[in-house]
Amino acid sequence: MTGPKIYFVIPVLGGIPITQTTVSSFVVMVLLCAAGVWLGRGLQKRPGARQVLVEKGVGMLYDMVSDTMGPHNLYWTPYIGALFLSSLGGTLIGMTGILRSATSDLSTTATWAVMTSVLCWACGIRANGFFGWLKGFTEPVSVMLPMNIISEIAQPISMAFRHFGNISGGAVLTSLLYSALATLSAMVLGAVGSSLAASAVVLAAGAALLARGFFKRRMPSKIAGAVLAVTGLLALLGLWGVPYLEVGVPGVLSLYFDVFSGGVQALVFSLLTMVYIGNACPAPEDGAAPEQETAAERPHTS
């Protein structure tokens, strides 16, 4: 597995490379904007099924932000939602087989992680002032200054590499599996196809197992029969280069590495962002600030 391919370079500011990651991120952004426009149009006082689902999702997002960051930080909800959907969409876009997963590029996750750190610093400066924020690095004692600086540097690095490592690792394993199954397909077809009699026997055995599986409703017999039948048929036809064993198994792993793992990593990254920003924006002692949004002032679509 190689890094993202560079499609072309824009000849400005010393050259701006447009890579597969750039294209994938732009496509995800356009799709999310289009989905937002479509889901947000035609809202009614008596909502339909689409509007009910959207309101339920938005309500769950606001509740999660309120529980994690506090009601005084509800104004961060659109950012957290955009971060979660961008992460999830950036991972799932790789399942198209045409575009590369944006989250399998370290530059994507590193950008999000650095953005989270910058937001935390900005919140700290806004709450305590610039010199008060710097003073926080020496508390509780001045000897903690090196550890506090290392902690601030390690935070975005750990966030970026956790997300990138899980997604890119799954992509590497899937690629290796595809290569191994293609080689195994050629070896099996080469062994069976060396004799017409052996090919015919394998085809007949596969057909018998397949019929038995359908008759007795047994899935293992269906799968084994289908594999043997296809093996014998391809061997008889001399199609030794067809990687037929790649069908099925990689798809199951893709459900885990792309769908499940991608969703988990998007959720974990969003939760860590909420925790870090929430710690940098504690609740004011005298209640929520007037300009901040409270749970009762949350926008409702119905």
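Guide: Start with Ile80, which has a relative accessible area of 0% and is therefore buried, the cut-off being under 20%. Keep in mind that the model is predicted. The mean pLDDT of the chain is 81, and 89% of its residues reach 70 or more.

Ile80 sits in helix α3. This helix covers residues 77–92, 16 residues in total, and at 1.5 Å a residue it should span 22 Å; the C-alpha atoms at its ends are 22 Å apart, so the two values agree.

Next, the surroundings of Ile80. Apart from its neighbours within four places in sequence, Ile80 is in contact with Leu61, Val65, Ser270, Thr273 and Met274. Take Val65 from that list: 15 residues separate Val65 from Ile80 along the chain, and their C-alpha atoms are 8.1 Å apart.

Ile80, Val65 and Met274 also belong to the largest nonpolar core, a set of 12 residues. Two or more of the core residues come from each of the helices α2 (49–69), α4 (106–128) and α9 (249–280). In soluble globular proteins, nonpolar side chains tend to be buried together.

Beyond its neighbours within four places in sequence, Cys123 touches Trp76, Ile277, Ala280 and Cys281. A second core of eight residues is separate, and Val192, Val202, Leu234 and Tyr244 are among them.

Trp76 deserves a look of its own. Its relative accessibility is 11%, so Trp76 counts as buried. Its ring forms an aromatic pair with that of Tyr79, edge-to-face, at 6.2 Å centre to centre and with 70 degrees between the planes. Ring pairs join Tyr75, Trp76 and Tyr79 into a cluster.

For contrast, consider another edge-to-face pair, Phe130 and Phe131, with 5.6 Å centre to centre and 80 degrees between the planes. Phe130 has a relative accessible area of 44% and is partly exposed, while Phe131, at 70%, counts as exposed.

Technical notes: Residues numbered from 1 in each chain as written. Heavy atoms only, no water. pLDDT = per-residue confidence, 0-100. Core = buried A, V, L, I, M, F, W, Y, C linked by side-chain atoms within 4.5 Å. Buried < 20%, exposed > 50% of the residue type's maximum accessible area, 1.4 Å probe, protein only. Helix = DSSP H or I, 4+ residues; strand = E, 2+ residues; numbered from the N terminus. Contact = heavy atoms within 4.5 Å. Expected span 1.5 Å × (residues − 1). Phe/Tyr/Trp six-rings, centres within 6.5 Å; stacked < 30°, edge-to-face > 60°.
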